[in-house]
Amino acid sequence: MNVFYILMFLSLWTMGIVFLRYSFKRNVWISFTLITGGMASFAFSIHLTIMPFILPYEWLNPFWSTFVFHLSVAAMTIYFYLFPLATSMGGLWMGALNSSKVKWILSVVLALPAFILLALHLIREPWNSFDIRTFRWWSGAYFFLGYLFYHAAYLREKDHLVRRNKKRVAFLFSFGTLWAFVSDFIGFRKLTLEEWHFTLESNGAWQLNAVIILGLVAAIIYYSVKYGFLGVKLRFEREKLDSSMRALTMGVSILNHSIKNEIQKIDYLTEKTQSFIHNGQTEKSLQSIEQIHAVTAHLLSMVNQIKDKADDIIINETPIQLQQLFASVIMPMQPLFDRRAVTIEFSEINSGILNGDSVHIKEVLSNLLQNAVDAMENEGGTIILRSIKTKRNFIIEVKDNGCGIPKEQHSKIFEPFYTTKKNTSNHGLGLSYCAAVMRKHGGLLSIADTEIGEGTTFLLQFPMNRYTSIEPASPKVANVLASTQKPET
């Protein structure tokens, strides 16, 4: 059983270093929480496992033996006096407050009691002896503040996916630190470390630490693999998708898929043009012909920008005016919306510039809109387009009230050749292509919400550095966008 203490500190320290390596600024205090939290198991593993194994072989001379002993005492000191502080800091800097100035001031205020308690311990007591009763409730206050900060951070988050991520962090860290407080700060009364034994007055709850902590480590690994945790995304589905796209020369297949979609648009526009001509509406028929030209020009751009493989998608970055982007995607598809009695609604569309590849982003939006229409099994429905700004992402949301996607299919819909559509002419390539385009832009395509019979919400998440806010669009552009909201009668 003692070997589990080695696994405890090794796993906690490894995760702390991984999160720190991934994003130092974002995860520094949470990483510090994991590292300081592993200090107690490190100290106990020295006394219970490592030294009992080494001593019979006499590998260490007195100097190194004393050095290792002092190392264990230092680790336990860090655990008792800095681990509670790190817990409260982790929640504070995860997003409990907006103002950096306030967070810095509060950090200094929170740090003072911890370092004063540490100084008093070093002055008044032997440094290898810890009377936990003298600082127990101070530590409890830090853990309680950490709990409040973690939960405030996720409750204040507006981004759907980030909010879920922060909720998992809040739950796991709150549970882990609560157990640490109960077992080590309430359960312990006094601990004295000697070379090489220790005396401990406690209720014995600490002996369950290995089970609890290793269980939490397993939960963090599980969430990291399946959903992403603290921004570290280890999605096996993405790796599988990338390898499949390289192996199957997906570029050609994606191009065929794009051609099929564009031909459908041309077919709709042609029918509309014929109707306008028969009714003597010359101006409207010319507008439809211009839209056909726009569709063919878009298709030619797709041909030029997709090579032999999907991982060779070429991104030609240019500034894209957002409202013009929406108008250029929706107008060619308006005959389809009219035919299926689908209404397009716009909610909180930001005026701004998105830096990216206009051809591929248009194709991504077209695919999502086409899928939304196909998901409406009966005629009539609503698609809502919305843009959201968060600290880290600019998000375009596409929401429909169609048939929804079963939960068991969520992890499969971004795989090549997987489709939920009954029509055999659909080869399941649209969403895999859309996901690849978003990755090329450093972003993410994801499902924010879906319910059977209620609809589906997709999110296009771009890094915030790709978005530039500008003044509201000119009346001309605004009118073009507004004209797409109501189908012609």
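Throughout these legends, a residue is called buried at under 20% relative accessible area, exposed at over 50%, and partly exposed in between (1.4 Å probe, protein chains only). The model is predicted, so local features need pLDDT of at least 70 and side-chain atom pairs count only at pLDDT 80 or more, whereas totals for chains, interfaces and linings use all residues. Residues are numbered from 1 along each chain as its sequence is written, and side-chain values use heavy atoms, with hydrogens and water left out.

**Figure 1. Overview of the predicted protein, with its 15 helices and 11 strands.** Helices (H or I, at least four residues) and strands (E, at least two) are DSSP runs, numbered from the N terminus. Of the 489 residues in the protein, 50% are buried. Contact means heavy atoms within 4.5 Å; among contacts with a separation of 6 or more, 76% are between residues 24 or more positions apart. Accessible areas come from the Shrake-Rupley method with a 1.4 Å probe, and for residues only the protein chains shown count as cover. The accessible surface comes to about 23,800 Å², and carbon and sulfur atoms contribute 61% of that area.

**Figure 2. Salt bridge between arginine 133 and aspartate 131.** Side chains of opposite charge can pair when their charged atoms come close. A salt bridge is a side-chain nitrogen of Lys or Arg within 4 Å of a carboxyl oxygen of Asp or Glu, and by this rule the count comes to four. In the pair shown here, the N to O distance is 3.0 Å. Aspartate 131 is buried, at 16% relative accessibility, while arginine 133 is partly exposed, at 46%.

**Figure 3. Salt bridge between lysine 166 and glutamate 157.** The two side chains meet at 3.0 Å, N to O. Lysine 166 is buried, with a relative accessible area of 10%. Glutamate 157 is also buried, with a value of 14%.

**Figure 4. Salt bridge between glutamate 317 and arginine 466.** Here the N to O distance is 2.9 Å. Glutamate 317 belongs to the loop between helix 11 (282–305) and strand 4 (318–321), and arginine 466 to the loop between strand 10 (455–463) and strand 11 (467–469), so the pair ties together parts that are 149 residues apart in sequence. Glutamate 317 is partly exposed, at 42% relative accessibility, whereas arginine 466 is buried, at 12%.

**Figure 5. Helix 5 (residues 100–124) and the elements against which its buried residues pack.** The expected span of a helix is 1.5 Å times one less than its number of residues. For the 25 residues of helix 5 this gives 36 Å, in agreement with the 36 Å between its end C-alpha atoms. Buried residues of this helix are Lys103, Ser107, Leu110, Ala111, Ala114, Leu117, Leu118 and His121. An α-helix has 3.6 residues a turn, so residues three or four places apart point the same way. The partners of the buried residues of helix 5 are helix 4, strand 1 (129–131) and helix 6 (136–156).

**Figure 6. Nonpolar surface patch to which helix 4 (residues 62–96) gives the most.** Patches are made of residues with over 30% relative accessible area and no salt bridge; like charges are joined within 9 Å, and nonpolar side chains (Val, Leu, Ile, Met, Phe, Trp, Tyr) within 5 Å. Phe53, Tyr57, Trp59, Leu60, Phe63, Trp64, Phe67 and Leu71 make a patch of about 900 Å². Helix 4 supplies four residues. Tryptophan 64 lies in helix 4 and is partly exposed, at 42% relative accessibility.

**Figure 7. Asparagine 350 in the loop between strand 5 (342–347) and strand 6 (352–356).** This residue is buried, with a relative accessible area of 18%. Apart from neighbours within four places in sequence, asparagine 350 is in contact with Leu322, Ser387, Ile388, Lys389, Phe394 and Tyr467. The C-alpha atoms of asparagine 350 and arginine 386 are separated by 8.3 Å, although the two residues are 36 residues apart along the chain.

Figure 8. A disulfide is a covalent bond between the sulfur atoms of two cysteines. The criterion used is a pair of cysteine sulfur atoms within 2.5 Å, and by this rule the count comes to zero disulfides.
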